[in-house]
Amino acid sequence: MSTPANFNGARPVIDVNDTAMLLIDHQSGLFQTVGDMPMPELRARAAALAKMASLAGIPVITTASVPQGPNGPLIPEIHENAPHAKYIARKGEINAWDNPEFVAAVKATGRKKLVISALWTEVCLTFPALMALEAGYEVYVVTDTSGGTSVDAHERSIDRMVQAGAVPVTWQQV
């Protein structure tokens, strides 16, 4: 079987044995500010994505930006559906990839493919996805479990990540 050229020699599927999932800033306060899709649908899809990772045995790393502030804590469905998830506390960094403990946790998985979902698409998804690509990871951004402040903000952010090499997927594709 030949591999399509745009996958740089990698298999064009998500391999559960070489994949880690990053669930970034799925926080109760941030859900209230999403403007590109209905909040109940987004929340249910994010919970389903966490459950899928649990069922497939995919390592999950979660993190939150100032959970004691207006962003609020992670929604409980994330850790209820992925009880094996490792939570990394951040020290005020907006970009999770700027936190050395977060990057160390990603590296410790030994996985080369990252499935990433986050609130907001334009910040909390885009920045770590671009930096993970730069670090040599194969990045899959989950478009329907990530939400932006507007439809345009979400779509332009996905465009930017795709131009950099990320693969857009939906939670069902994962």
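1. Is S65 buried or exposed? In this predicted model, S65 lies in the loop between β2 (60-64) and α3 (76-81), and because its relative accessible area is 12%, below the 20% cut-off, S65 counts as buried. Leaving aside residues up to four places away in sequence, S65 touches D25, Q27, N71, R90 and E93.

2. The largest nonpolar core has 27 residues, and those with the most contacts inside it are L22, W97, F102, L114 and V139. Two or more residues each are given to this core by β1 (19-24), α4 (100-108), β4 (113-118), α5 (121-134), β5 (138-142) and α6 (151-164), with α5 providing the largest share, seven residues.

3. With residues up to four places away in sequence again not counted, the contacts of L114 include A20, L22, W97, V106, A132 and V139. There is also a second, separate core of 22 residues, which includes M37, V60, I75 and V142.

4. The count of aromatic pairs comes to two. W97 and F102 form an edge-to-face pair, at 6.3 Å centre to centre and with 75° between the planes, and both residues are buried. The rings of W97 and Y137 have centres 5.9 Å apart and planes at 75°, so this pair is edge-to-face; it links distant parts of the chain, since W97 is in the loop between β3 (86-89) and α4 while Y137, 40 residues apart from it, is in the loop between α5 and β5.

5. As for charge and ring, the charged end of R43 sits over the ring of F31, 5.9 Å from its centre.

Notes:
Residues are numbered from 1 along each chain as its sequence is written. This is a predicted model: local features need pLDDT of at least 70, side-chain atom pairs count only at pLDDT 80 or more; totals for chains, interfaces and linings use all residues. Side-chain values use heavy atoms; hydrogens and water are left out. Helices (H or I, at least four residues) and strands (E, at least two) are DSSP runs, numbered from the N terminus. Buried means under 20% relative accessible area, exposed over 50%, partly exposed in between (1.4 Å probe, protein chains only). Contact means heavy atoms within 4.5 Å. A nonpolar core is a set of buried Ala, Val, Leu, Ile, Met, Phe, Trp, Tyr and Cys residues joined through side-chain atoms within 4.5 Å. Rings of Phe, Tyr and Trp (its six-membered ring) pair if their centres lie within 6.5 Å; planes under 30 degrees apart count as stacked, over 60 as edge-to-face and the rest as tilted. A charge sits over a ring if NZ of Lys or CZ of Arg is within 6 Å of the ring centre and within 35 degrees of the ring normal.
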